[in-house]
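Subject: Handover of a structural model

Dear colleague,

Please find the structure below, followed by an account of what was found in it. I would be grateful if you could read the two side by side.

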Amino acid sequence: MGSGYLIIAGAIMLFSWLVSSRLKSKFELYSKLQLRNGMSGAEIAEKMLADNGITDVRVISTPGQLTDHYNPADKTVNLSEAVYNHRNAAAAAVAAHECGHAVQHAIGYEWLTMRSKLVPIVSVASNYVQWILLAGILMIRTFPQLLLLGIVIFAATTLFTIITLPVEYDASNRALAWLENKHMLTQQEQAGAKDALKWAARTYVVAAIGSIATLLYYISIYSGSRRN
């Protein structure tokens with residue numbers, strides 16, 4: 001690996017660590033901000049689904065921390081135990097955000113549809129792409145097509161990280177708009193929910209930047225080999 005790439009990779013890793021640390025501290029802060037309405041994350045989620053006319057999505061508890069997600073395959077909003085049971089601004093933000101994905105699914109939001117189509121490809125590609133790229137670099141002089149294959153596969157995973165950005169930001173915007181329009185939170189709680197979701201979204205930005213930088217690095221290796 002070139003020194004230039006190592007510097008870029010190191011910078012991205014540092015930035016990712018800083019954003020993740022900041023996100024963790026924000027959620028710890030807003031987890032202490034108890035909701036005046038006394039609703040749990042599960043109750044927030046169920047109400048947001050009902051208000052959007054969604055009756056075929058279940059809200060369930062899932063083990064772990066930061067394991068919250070919406071599963072379009074079985075139409076479930078999966079909330080981590082801390083979010084499902086707790087009654088604070090952080091829990092409200094996460095619960096509403098995941099329901100934002102359920103709303104996207106219900107209305108056929110195009111970016112979510114595109115991302116869902118890429119999931120099977122990315123799931124398989126992520127298991128093999130690094131090995132293909134490594135082998136492609138080692139065999140660059142005798143079999144350059146292998147590296148090109150790795151680049152094409154990695155490009156699909158990069159595209160996935162890029163498409164994820166509008167999906168995540170839109171879900172947060174839907175969540176915050178609903179929380180505000182329905183007067184679910186106080187002004188202080190709303191500000192906390194907005195800040196928490198802002199930092200959560202930045203983790204996806206870092207992931208996309210890192211993936212793009214890595215893709216460009218492999219492309220530069222392939223292009224250099226073609227010139228030699």
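I begin with a loop residue: Lys 75 is located in the loop between E2 and E3, where helices (H or I, at least four residues) and strands (E, at least two) are DSSP runs, numbered from the N terminus. Although Lys 75 is not a glycine, its phi is positive, at about 55°. Lys 75 is partly exposed because its relative accessibility is 30%; buried means under 20% relative accessible area, exposed over 50%, and partly exposed in between (1.4 Å probe, protein chains only).

The model is a predicted one, in which local features need pLDDT of at least 70 and side-chain atom pairs count only at pLDDT 80 or more, while totals for chains, interfaces and linings use all residues. Residues are numbered from 1 along each chain as its sequence is written, and side-chain values use heavy atoms, with hydrogens and water left out.

Confidence and overall architecture

The mean pLDDT of the protein (the predictor's confidence in each residue, from 0 to 100) is 93, and 97% of the residues reach 70 or more. Confidence is lowest in H1, with a mean of 85, and highest in H2, at 98.

The protein contains 7 helices and 3 strands, which follow the pattern α-α-β-β-β-α-α-α-α-α along the sequence. Its C-alpha trace spans about 65 × 35 × 30 Å along the principal axes. Of its 228 residues, 44% count as buried. Among contacts (heavy atoms within 4.5 Å) with a separation of 6 or more, 70% are accounted for by residues 24 or more positions apart.

Helix H2 and other local features

Which residues of H2 are buried? In this helix, residues 41–51, they are Gly 41, Ala 42, Ile 44, Ala 45, Met 48 and Leu 49. These residues lie on the same side of H2 because they cover an arc of only 160° around the axis, the arc being that of the directions from the helix axis to the C-beta atoms. An α-helix has 3.6 residues a turn, so residues three or four places apart point the same way. The cover over the buried residues of H2 includes strand E1 (58–62), strand E3 (76–80), H3, H4 and H6. After H2 comes Gly 53, with a positive phi near 70°.

A positive phi of about 55° is also found at His 183, which is not a glycine. His 183 belongs to the loop between H6 and H7 and is exposed, with a relative accessible area of 69%.

In helix H1 lies Glu 28, which is partly exposed at a relative accessible area of 45%. Glu 28 and Ala 90 are separated by 62 residues in sequence, yet their C-alpha atoms are 8.1 Å apart in space.

Pockets

Grid points are joined across faces, edges and corners, and a volume is the space filled by probe spheres set on the points.

The largest pocket has a volume of about 540 Å³. It is lined by 23 residues, and those nearest its centre are Asp 68, His 97, Glu 98, Glu 168 and Tyr 204. Two or more lining residues come from each of helix H1 (3–30), strand E2 (69–71), helix H4 (89–107), helix H5 (110–138), H6 and helix H7 (187–227). H7 contributes the most, with 5 residues. By class, the lining of the largest pocket comprises 13 nonpolar, 6 polar and 4 charged residues; Ala, Val, Leu, Ile, Met, Phe, Trp, Tyr, Cys and Pro count as nonpolar, Asp, Glu, Lys and Arg as charged, and the others, Gly among them, as polar.

Tyr 204 is also in contact with Thr 164, as is Arg 115, leaving aside the neighbours of Thr 164 within four places in sequence. Thr 164 is part of helix H6 (residues 144–181) and is buried, with a relative accessible area of 6%.

The second largest pocket holds about 360 Å³ of space. Its lining has 17 residues, with Phe 27, Ser 31, Gln 65, Leu 66 and Ala 82 closest to the centre. H1, helix H3 (81–85) and H4 each give two or more residues to this lining, and the largest share, 5 residues, comes from H1. The lining of the second largest pocket divides into 8 nonpolar, 6 polar and 3 charged residues.

Yours sincerely

Terms used: On a 1 Å grid over the protein atoms alone, a cavity is a set of points where a 1.4 Å probe fits but cannot get out, and a pocket is an open set with protein on both sides within 12 Å along at least five of seven lines; lining residues have an atom within 4 Å of a point.
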